[in-house]
Amino acid sequence: MADRPGLPAPVNAVRAVALCAALALCGTAALCGCGLRSGQAIADPVQPGSIGQGKPLRGVTLTVTSKNFSEQIILGEMMGLALKAAGATVIDKTNIQGSIGARQAVLKGTADAMYEYTGTAWITYLGHTRPITDPHAQWQAVRDQDARNGLTWLPPATLDNTYALASNQANQRRYGYSTLSDVAALSRSDPGVVTLCVENEFDVRDDGLPGMEKAYGMRIPVRNIRIMDSGIVYTQVSQGTSCALGEVFTTDGRIAARHLRVLADDRHFFPDYNAAPEINSRSLRSHPAIATVLEPITAKLTTENQRRLNAKVDVDGQDPREVAKDWLVREGFIKSG
C-alpha cells in the first residue's frame, strides 16, 4: 500500500513491520536467510528458458533490490534470477528496510532495478493525493513523471497489492455477498449482521474504512467494528464468529491459506498498486536487453498467483529465492542447472 502525505504512519512501513513481527512470532526464517546474503552475487546455476536466449547480458554486472517484505523479496529474486539466466552477474541487494531506501538505491544507481508499485510511486514518491482510477492510466502517469527523475517504468503486471474486504466461505454463502456493493446493501437492510475486523490504520484512513463507507453508502454500526492487529484479523475472519468480514491485503498469502474469499471492489474505490519493473534509466540505455528479459515475466504476474507464492514464504516458511526460482522454472522462463 502507498503512503499518503498528512495521514498517520506510512502503510508500507506499517505492513513491513507487522509482517516482520508476525514472522518473528511464528519462527519463520526464510526472510532472515535472504537478508544474510544481501549484497552477494546470486550463485544459483540458472540458464535461459524462454527468456535470455543467447545470453544478451553476458559480461554485465547488475544489482537488484527490493523492500523488506515477502512479496517484494520474491519479486526481487525473480528479477535477479532472470537477469542471471540472461548472462549477467547479479548482485542481490533485496530486503532493504522501507520503501524510500529501495527507491533511492535505484535513483542513485547503487541498484539497477526493482519491482515497485504504481500507487506507491504516484502518491508517496511523486506527491499526489488522489490516485488515478484506471490502472493503465495510473502506470502511464507514473512512467511519464518518473522519466524526469531518471527512472524508467516497464509495463505493469495485473498483480495489484491493495486493500480489500474478505470473508470465510461459510459467511459468504450465508449472507450472499460477493462485492462491496452487496455488503453496503446488507448494511442498510440488516446492519446487525455486518461485523467487521480491521487494523487501526484502516479504521482512520480516507482510503480505508471511512472512505469506503462513504463511497458505497455503507451503514456499519460502530459497535460492529472491531480494531485489532492485522495478523489477528485473518484469524478472526477465518473463524467467522466475532467478525464476518475483515480488512485484508489482496496478495497476502494468508488469504489462500485460510480459504478466505475476497469481495470485489466493484466501484473501484481502493487505489491500484500494480507491480512493475522500475529501472535506472542509464542502466537501461546501456543494457536494453533488461526490458526484453523482464517484460514477459511481468506479464505473467497476477494477484492470485502472487498470493500463492507469498503463502509459500509466510505460511510454509520456504526461502523467497527458491520460491521465485521454482515459479520461473515451472513457467519455462529459465532452466535450473
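**Exercise 1. State how many helices and strands this protein has, and what share of its residues is buried.**

Solution. The secondary structure of this predicted model consists of 16 helices and 13 strands. The protein has 337 residues, and 55% of them count as buried. Its accessible surface is about 13,200 Å², with 52% of that belonging to carbon and sulfur atoms.

**Exercise 2. Describe how helix α3 and helix α16 cross, and which residues make the contact.**

Solution. Two packed helices are described by the angle between their axes and the distance between the axes.

Step 1: the axes of α3 (residues 70–85) and α16 (residues 320–330) come within 8 Å.

Step 2: they cross at roughly 55°. The crossing is right-handed.

Step 3: α3 contributes Ile-73, Ile-74, Glu-77, Met-78, Leu-81 and Ala-82 to the contact. From α16 come Pro-320, Arg-321, Val-323, Ala-324, Lys-325, Trp-327 and Leu-328.

Step 4: sorted by class, these are 10 nonpolar, no polar and 3 charged residues.

**Exercise 3. Decide whether Ser-283 is buried or exposed, and find its contacts beyond four places in sequence.**

Solution. Step 1: Ser-283 lies in helix α13, which covers residues 281–286.

Step 1: the relative accessibility of Ser-283 is 10%. Buried means under 20%, so Ser-283 counts as buried.

Step 2: apart from neighbours within four places in sequence, Ser-283 is in contact with Asp-112 and Ile-290.

Step 3: Ala-111 is 172 residues from Ser-283 in sequence, yet their C-alpha atoms are 9.4 Å apart.

Definitions and conventions
Residues numbered from 1 in each chain as written. Predicted model: local features only at pLDDT ≥ 70, side-chain atom pairs only at ≥ 80, totals over all residues. Heavy atoms only, no water. Helix = DSSP H or I, 4+ residues; strand = E, 2+ residues; numbered from the N terminus. Buried < 20%, exposed > 50% of the residue type's maximum accessible area, 1.4 Å probe, protein only. Areas by Shrake-Rupley, 256 points an atom, 1.4 Å probe, with all protein chains shown as cover. Axes fitted to C-alpha atoms, helices over the stretch in contact; angles between N-to-C directions. Left-handed = near helix turned anticlockwise from the far one by under 90°. Contact = heavy atoms within 4.5 Å. Nonpolar A, V, L, I, M, F, W, Y, C, P; charged D, E, K, R; others polar.
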